[in-house]
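Dear colleague,

Please find below the structure that I am handing over to you. My findings follow after it.

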Amino acid sequence: MDVDAVVLDVDGVLVDVADSYRRAIVDAVEHVYGDTIEKADVQQFKDAGGFNNDWTLTDAAALWVLARQAQGGDGASEADSALGSVATYTDRIADHGGGLDGAEEVVDATLDADVVRQVRDDWQPERLRDVFQQLYLGSDYYEDLEGGEAELGVEGYIHDEDRLVSPETIEALTEHWPVCVLTGRPSGEADIALDRVGLDVPDERRFTMDDWEEGKPSPRALIALAERTGADSVVFVGDTLDDVETALNARAADPSREYHAVGVLTGGLTGEEGRQKYEDAGADHVLDSVNDLPDLLVD
């Protein structure tokens, strides 16, 4: 693959977030509502699309838990909820366009009006976000980045993020191509991850949650990075179907350039099933990890 610039996602590409962000989703809902989804269920929300932001995924998971509690009480089985299993719920979300808007539409369209009122009365997105951030960041980072006083007193799951990218890969990429970052992380959390893996990216070559409102799979940030690097051909490496769609959307919106979508099997999509999902979504290449990227590219 002959490209002029490399754009990398962070989560699931540069660092492993299975025991950090994904754990925080599950545990935040558990902390607030005493019940939650399984960690494996998180990928079903990701596959539904529109959940690049883990805060909104947490909100959608909480809606499912609250619906189950409202209809069957604490400890009720999935069969007790009109929303069905998590798989059924997320399939319906996908049918409604994905993301939190899709989740709310499913709740409103599926549950009785009185149950919807109860679920919405009990739903606390701001509280969920605050608990999520405390669990993920830990007390020190939380007070530094969020500016509030931590109440949970935890070390923070962020410290459990193992590096997925090797120093050799970073050296090989940065030596031959302008390397950019496109992530749904807030800027401060992106800094922590990039420092951990030893990747220095100039401000003009990165987009974080703080830099664009739309989020993936909007192509705006990817196109902007192509323009800023003067690239005619760009590869975007991510770990979700939304990442693939981002590259495909950029290809459609900016036909003057080439955009290549590459998925890695180090995030939530793994094994042959993950490979097939990437290919079905239109990925140009699927790699076992980002460390295989230099061999794919032509200098």
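Two strands are taken to pair if DSSP finds at least two bridges between them. Please note also that this is a predicted model.

By that criterion, strand β4 (residues 233-238) pairs with β5, in the parallel sense and over six bridges. Within this pairing, V234 stands opposite Y259 in β5.

Strand β5 (residues 258-264) is mostly covered, with six of its seven residues buried. Strand β5 also pairs with strand β6 (residues 285-287), again in the parallel sense, here over three bridges. The bridge partner of V262 in β6 is H285. A right-handed β-α-β unit is made here too, by β5, helix α12 (residues 271-281) and β6.

A salt bridge involves two of the connecting segments. D284 and R251 form this bridge, and their closest N and O atoms are 2.8 Å apart. Because D284 lies in the loop between α12 and β6 and R251 in helix α11, the pair ties together parts that are 33 residues apart in sequence. D284 is partly exposed, with a relative accessible area of 33%, and R251 likewise counts as partly exposed at 33% relative accessibility.

The loop between β3 (206-207) and α10 (220-229) contains P217, and the peptide bond that joins K216 to P217 is cis, with omega at about 15°. In α10 itself, A221, L222, I223, A224, L225 and A226 are buried. The cover over the buried residues of α10 includes β1 (5-8), β2 (179-182), β3, β4, α11 and β5. Just after α10, G230 takes a positive phi of about 65°. As background to these two backbone features, most residues other than glycine have a negative phi, and most peptide bonds are trans.

The aromatic side chains come next. Six aromatic pairs are found in a search of the whole structure. One of them is formed by Y21 and Y136, whose rings are stacked, at 4.1 Å centre to centre and with 10° between the planes. Y21 lies in helix α1 (residues 21-33) and Y136 in helix α7 (residues 125-145), so this pair ties together parts that are 115 residues apart in sequence. Y21 and Y136 are both buried. The rings of F207 and W212 have their centres 6.3 Å apart and their planes at 75°, and this pair is therefore edge-to-face. F207 and W212 are both buried as well.

Two arginines are placed over aromatic rings. R23 lies over the face of Y157, at 3.8 Å from the ring centre. The charged end of R129 sits over the ring of W55, 4.0 Å from its centre.

R129 also takes part in a salt bridge, in which its side chain meets that of E146 at 3.3 Å, N to O. This pair links distant parts of the chain, with R129 in helix α7 and E146 in the loop between α7 and α8 (167-176), 17 residues apart. R129 is partly exposed, with a relative accessible area of 30%, and E146 counts as partly exposed at 29% relative accessibility.

How many salt bridges are there in the model? The count comes to 23. A further one of these is formed by R196 and E161, with the closest N and O atoms 4.0 Å apart. R196 lies in helix α9 (residues 187-197) and E161 in the loop between α7 and α8, so the pair ties together parts that are 35 residues apart in sequence. With buried defined as under 20% relative accessible area, E161 counts as buried because its relative accessibility is 3%. R196, at 26% relative accessibility, counts as partly exposed. Both residues belong to a network of salt bridges that links D11, E161, R185 and R196.

Yours sincerely

Conventions
Residues are numbered from 1 along each chain as its sequence is written. This is a predicted model: local features need pLDDT of at least 70, side-chain atom pairs count only at pLDDT 80 or more; totals for chains, interfaces and linings use all residues. Side-chain values use heavy atoms; hydrogens and water are left out. Buried means under 20% relative accessible area, exposed over 50%, partly exposed in between (1.4 Å probe, protein chains only). Helices (H or I, at least four residues) and strands (E, at least two) are DSSP runs, numbered from the N terminus. A crossover is right-handed if, with the strands pointing away from the viewer, the path from the first strand over the helix to the second runs clockwise. Contact means heavy atoms within 4.5 Å. Rings of Phe, Tyr and Trp (its six-membered ring) pair if their centres lie within 6.5 Å; planes under 30 degrees apart count as stacked, over 60 as edge-to-face and the rest as tilted. A charge sits over a ring if NZ of Lys or CZ of Arg is within 6 Å of the ring centre and within 35 degrees of the ring normal.
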